[in-house]
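Hi everyone, thanks for coming along.

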Amino acid sequence: MSVASAAGRLFDLLTAQGTQFTQYLRPGLTPEQIREIAAPVEHPLPPEVVEFYRHYDLPKGYFYNPDQPTFYGIYWLLGLEDAVASWQERRSYDFLDAREHEWFPFIEEDGNNYLVDMVATPEGQHPIVRTFHGLEPHVEFANLTAMFDTFYAWVSEDVVPVESGHVAGDYEGDKKRVAEIAVRLNPGVAYWTSRLAQL
């Protein structure tokens, strides 16, 4: 399944569940628009990121609206303009090492992020790295498609609830089922294997 199909399937499900977030989705950008907006980024955007923004985008700063349209838990999904602005801000932090500058923001909340590794693994994947205050960064999803597939499974299988128009974070769901699904859809990601083993 392509990242656009995986994201579209999730967005359709969230729309049917009445989440506030999906009303802000808008059509994707042209290749020229993507190149122009992403020009400040020092690395080529991963193919999955380009494909996603070819199909979907979000208004700049939409997450400041009164309904607080979070995408997942406390996090909002970034439109390309906001993602590039966040990358530029992270690039200015002198406490980040060079490797961390190779991670492109995709979902965030006040300095906590899910970022796409712009450097591919030997298998050609671009893993999703999570950073959270006080924790070491770690790979949480195998790639962007796997992340959307995992979110879809969590919601569609009623493992992570949708309440009052917002999707709960995985920490509010059935911890064992959350980890089991994530292990299934993200083979080789040690974070979920370790988490499941502790339950």
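Predicted model: local features only at pLDDT ≥ 70, side-chain atom pairs only at ≥ 80, totals over all residues.

**A walk through the chain**

For a contrast, take Arg35, which belongs to helix H2 (residues 31-37). Arg35 has a relative accessibility of 54%, so it counts as exposed. Arg35 and Glu163 are separated by 128 residues in sequence, and from C-alpha to C-alpha they lie 37 Å apart.

Let's zoom out to the whole chain. How many helices and strands does the chain have? There are seven helices and nine strands. The radius of gyration is 16 Å, close to the 16 Å that the globule rule gives for 199 residues, so the chain is as compact as a globular protein of that length. If you follow the C-alpha trace along its principal axes, it spans about 40 × 35 × 30 Å. Of the 199 residues, 51% are buried. And if you take the contacts with a separation of 6 or more, 57% of them join residues 24 or more positions apart.

Now for the inside. In soluble globular proteins, nonpolar side chains tend to be buried together. Here the largest nonpolar core has 58 residues, and the ones with the most contacts inside it are Phe71, Leu77, Phe104, Phe106, Phe148 and Trp154. Several elements give two or more residues to this core, among them helix H1 (3-16), helix H4 (80-91), strand E4 (103-109) and strand E5 (112-117). Which element gives the most? That is helix H5, with eight residues.

Setting aside neighbours within four places in sequence, Phe71 is in contact with Leu10, Phe11, Leu14, Phe21, Trp76, Leu77, Ile107, Phe148, Phe151 and Val167.

Next, let's see how some helices pack. Two packed helices are described by the angle between their axes and the distance between the axes. Helix H5 (residues 144-156) packs against helix H6 (residues 175-185) at an angle of about 145°, and their axes are 10 Å apart. The crossing of H5 and H6 is right-handed. On the H5 side, the contact is made by Ala146, Asp149, Thr150, Ala153 and Trp154, while H6 brings Val178, Ile181, Ala182, Arg184 and Leu185. Sorted by class, that contact has seven nonpolar, one polar and two charged residues.

Asp149 has 15% relative accessibility, and because buried means under 20%, Asp149 counts as buried. Not counting residues up to four places away in sequence, Asp149 touches Met1, Ala6, Arg9 and Leu185.

H6 has another partner too. It packs with helix H7 (residues 190-197) at an angle of about 145°, and here the axes are 9 Å apart. What is the handedness of the crossing of H6 and H7? That crossing is left-handed. From H6, the contact uses Lys176, Val178, Ala179, Glu180, Ala182 and Val183, and from H7 it uses Trp192, Thr193, Arg195 and Leu196. By class, this contact has six nonpolar, one polar and three charged residues.

Last stop: the backbone. Most residues other than glycine have a negative phi, and most peptide bonds are trans. Asp158 is not a glycine, but it has a positive phi of about 60°. You will find Asp158 in the loop between H5 and strand E8 (162-163), and with a relative accessible area of 67% it is exposed. Ser164 is not a glycine either, and it has a positive phi of about 50°. Ser164 lies in the loop between E8 and strand E9 (166-167). With a relative accessible area of 68%, Ser164 is exposed.

How values were computed: Residues numbered from 1 in each chain as written. Heavy atoms only, no water. Axes fitted to C-alpha atoms, helices over the stretch in contact; angles between N-to-C directions. Helix = DSSP H or I, 4+ residues; strand = E, 2+ residues; numbered from the N terminus. Left-handed = near helix turned anticlockwise from the far one by under 90°. Contact = heavy atoms within 4.5 Å. Nonpolar A, V, L, I, M, F, W, Y, C, P; charged D, E, K, R; others polar. Core = buried A, V, L, I, M, F, W, Y, C linked by side-chain atoms within 4.5 Å. Buried < 20%, exposed > 50% of the residue type's maximum accessible area, 1.4 Å probe, protein only. Rg over C-alpha atoms; globule rule 2.2 N^0.38 Å.
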